[in-house]
Amino acid sequence: MENQVFKDAVVIGNGPSGITLSYMLSGNWPYYNEVPHPIDFLQYRLEENRDKSLLQQDLIYLSEGLEGRSVNPVSVLFDTLVRPQADLGIENPSVISWKFNSENVLDHVILGKGIPGGSWQKMDGSTLTISLSSWMELPNLSIREWDASRNRLHSTQSGLRQKRATVGTVAEYYSCCVQSQGLSSYFVNNTVVTSIAPVPTETANDLGYKHLWKIHGYFDNSSNLSIPKRSFNYVSPHVVLATGNSDQPNKLNVEGQDLPFVLHSLADLEKIIHKNRILSNSGSLVIVGAGLSAADAVIAARFYGIPIIHVFRRSVNDPGLIFNKLPQDIYPEYHKVHQMMKDSNRVHYEGYKAFPCSKIHSIKPDGTVIISSCENESFSVCKVSYVLVLIGRHPDMSFLSNDLKLGIHPERPIDCKKNPIDINIYTHESVSYPGLYAVGPLVGDNFVRFVQGGCLAVASHIQNDVLNKIG
């Protein structure tokens, strides 16, 4: 194991999950603060061990009987403690307080492709978040108080007066969390992990461990190619996958999907708009997808007067469609897009045409797009300048050994919706590979408010593992 740096834990990903986990691993533990909880049986359980941190308690017992909008019980537990009755629109105080103890600090490292905040640093900063601003918070730092302090410092009067924050505000908040919470020394930014593989069992046992993992990668110097590429090598009994779901765009799998005028992100659209390469008097823009990213693209394109052809597979009345789940008073801009999607065939919206229950059949090099109906065998043909495909994304797990079969369906690639990583739901440890953990979208938790519970499960298991090792 020469040239390997040992860590108690290595976390891949520096987004909200990585930041939260670092906070817990660096000695900050959550405790019940004796504020009454509205759920009586949970209140009783909290009082039973009021002197112990949640990390020291039986998370199976604490989670039992709770219901929430996550498939992972500890995620529901933590959200219920921090935001009691949040889904009822009630803002009850958190029943959790945080205490630091230097004896609980574990030596760990957080590896991220960019600066702290993960994919939030790459999104359009002017877009409003889907979740309420308070649901974007990380442990022990109120986003509203942070924003108010920031605005006082810069002598501005903006502040978070609305229920939803801009993506840019949240991204800055996450970056500031690392600094203000004293976590900077654990973060190694602008890195690319190239491989994660188990150390042979015999070697691990010789070193006094049941299992060890080796992590290799390099520092990204693409902004200055004159600097030689430097590599890093870690070894650890605990590796946490917190990479999120935004690495690679899903593709259409049709003829012409890789043509140069086929785009796959809002950032791509923004570049085109800012370069004035697509204008209101040029050909149309085809937007493919029926999610919120597609809606953001519709809003942006209409703002710049770009003609839109909107293609999506689902019916506008499909209960699974995200627009049918959002309260209209909080998300008026998305409901406007949804209304256009509904009414396009009977109401004329200048510069907008919807093709519901339809899909892209093929894309030709001359800009011809053929659209086919999912309900019958009819086709529509249009000539366009660009095609913007926004049908979801999937994680890049290329750094994992091909021998590792992590999904619920082992032979299939990891897909956050259809094939998440198979974990013990109370520890978030892989059911097949001890010492390998996963949190966030990789295990079905797509919202920040729920990823923190997964971090609690991981931190609790790692902490107990380390203590047992020392004992």
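The model is a predicted one, in which local features need pLDDT of at least 70 and side-chain atom pairs count only at pLDDT 80 or more, while totals for chains, interfaces and linings use all residues. Residues are numbered from 1 along each chain as its sequence is written, and side-chain values use heavy atoms, with hydrogens and water left out.

Helices here are DSSP runs of H or I with at least four residues, strands are runs of E with at least two, and both are numbered from the N terminus. Buried means under 20% relative accessible area, exposed means over 50%, and partly exposed lies in between (1.4 Å probe, protein chains only). The buried residues of α4 include Pro73, Val76, Phe78 and Leu81.

Strand β3 (residues 26-32) is mostly covered too, with seven of its seven residues buried. Six bridges join β3 to strand β4 (residues 96-105), and the two run antiparallel. Within this pairing, Asn28 has Phe100 of β4 as its bridge partner. Two strands count as paired if DSSP finds at least two bridges between them.

Another set of strands forms an open sheet of four, in the order β1-β9-β8-β7, with mixed pairing. Its edge strands are β1 (5-6) and β7 (191-198), each of which pairs on one side only. Seven antiparallel bridges link β7 to strand β8 (residues 213-219), and Thr191 stands opposite Phe219 of β8.

Loops can hold buried residues as well. Thr243 sits in the loop between β10 (239-241) and β11 (248-249), and it counts as buried because its relative accessibility is 18%. Leaving aside residues up to four places away in sequence, Thr243 touches Ile12, Met397, Phe399 and Leu442, where contact means heavy atoms within 4.5 Å.

Finally, the structure holds one cavity of 30 Å³ or more. A cavity is a set of points, on a 1 Å grid over the protein atoms alone, where a 1.4 Å probe fits but cannot get out; lining residues have an atom within 4 Å of a point. The largest cavity has about 30 Å³ of space. Its lining consists of Ile19, Tyr23, Leu138, Pro139, Cys177, Gln181 and Leu183. These lining residues divide into six nonpolar, one polar and no charged.

Terms used: On a 1 Å grid over the protein atoms alone, a cavity is a set of points where a 1.4 Å probe fits but cannot get out, and a pocket is an open set with protein on both sides within 12 Å along at least five of seven lines; lining residues have an atom within 4 Å of a point. Grid points are joined across faces, edges and corners, and a volume is the space filled by probe spheres set on the points. Ala, Val, Leu, Ile, Met, Phe, Trp, Tyr, Cys and Pro count as nonpolar, Asp, Glu, Lys and Arg as charged, and the others, Gly among them, as polar.
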